[in-house]
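Me: I am new to this structure. How do I read the place where a ligand sits?

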Amino acid sequence: MSSLVYVLNGPNLNLLGSREPEIYGTTTLDDIGALLAERAAALGLTIEMRQSNHEGHLVDWLHEAQAEGAKAVLLNAGAFTHTSVALHDAIKSVTTPVIEVHLSNPLAREDFRHQSWVGMAAKGTIAGFGAAGYLLALEAAARL
Ligand code: CA2
């Protein structure tokens, strides 16, 4: 069984920690990567952390996770969550379990965030717990 877990992050998440701290917190994506790497080591896992503002990169990386035999993918697709049939299809096209992660709880926000094309194809979703949600998702991946 592979110990590799991909952690894929979508548009604008490179700005995490710098704006809208009341919604997204002050932790940066690099901070989250460091926290994940530490927890992954304790769980006997290795993480491959990526971020892109381009939808196709996320599709390519989902395919890559499958090709590399990854144990799971943690995916915060950012706003593509609510728009991307391509990501929905990509998740469906791989056998690697995909865990949807959100810092905020989209269901408690604007109506346009209530639809998740990612969530409809994902194994499960963790949302609303800020940066800690990534660690909870990693724990869930470890138990798969
Ligand atoms: O809560 C989440 O993790 C989201 O995926 C974040 C997305 C949003 O479109 C989703 O509905 C929920 C937005 C990410 C934008 O990230 C920023 C980070 C810092 C400053 C501004 C935006």
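Reply: Start with a polar contact: a pair of N or O atoms within 3.5 Å; within protein, one must be able to donate a hydrogen and the other to accept it, and residues adjacent in sequence count only if both atoms are side-chain atoms. Here, a polar side-chain atom of serine 104 lies 2.5 Å from an oxygen atom of the ligand. This is a predicted model: local features need pLDDT of at least 70, side-chain atom pairs count only at pLDDT 80 or more, and totals for chains, interfaces and linings use all residues. Residues are numbered from 1 along each chain as its sequence is written, and side-chain values use heavy atoms, with hydrogens and water left out.

Me: How far is the side chain of arginine 113 from an oxygen atom of the ligand?

Reply: An N or O atom in that side chain is 2.9 Å away from the ligand oxygen. Alanine 79 uses a backbone N or O atom instead, 3.4 Å from a ligand oxygen.

Me: How much of the ligand does the protein bury?

Reply: Accessible areas come from the Shrake-Rupley method with a 1.4 Å probe; for residues, only the protein chains shown count as cover. Alone, the ligand exposes 500 Å², and the protein buries 94% of that.

Me: Which residues come nearest to the ligand?

Reply: A residue is near if one of its heavy atoms lies within 4 Å of the molecule. Of the 16 residues around the ligand, Asn76, His82, His102, Leu103 and Ser104 come nearest.
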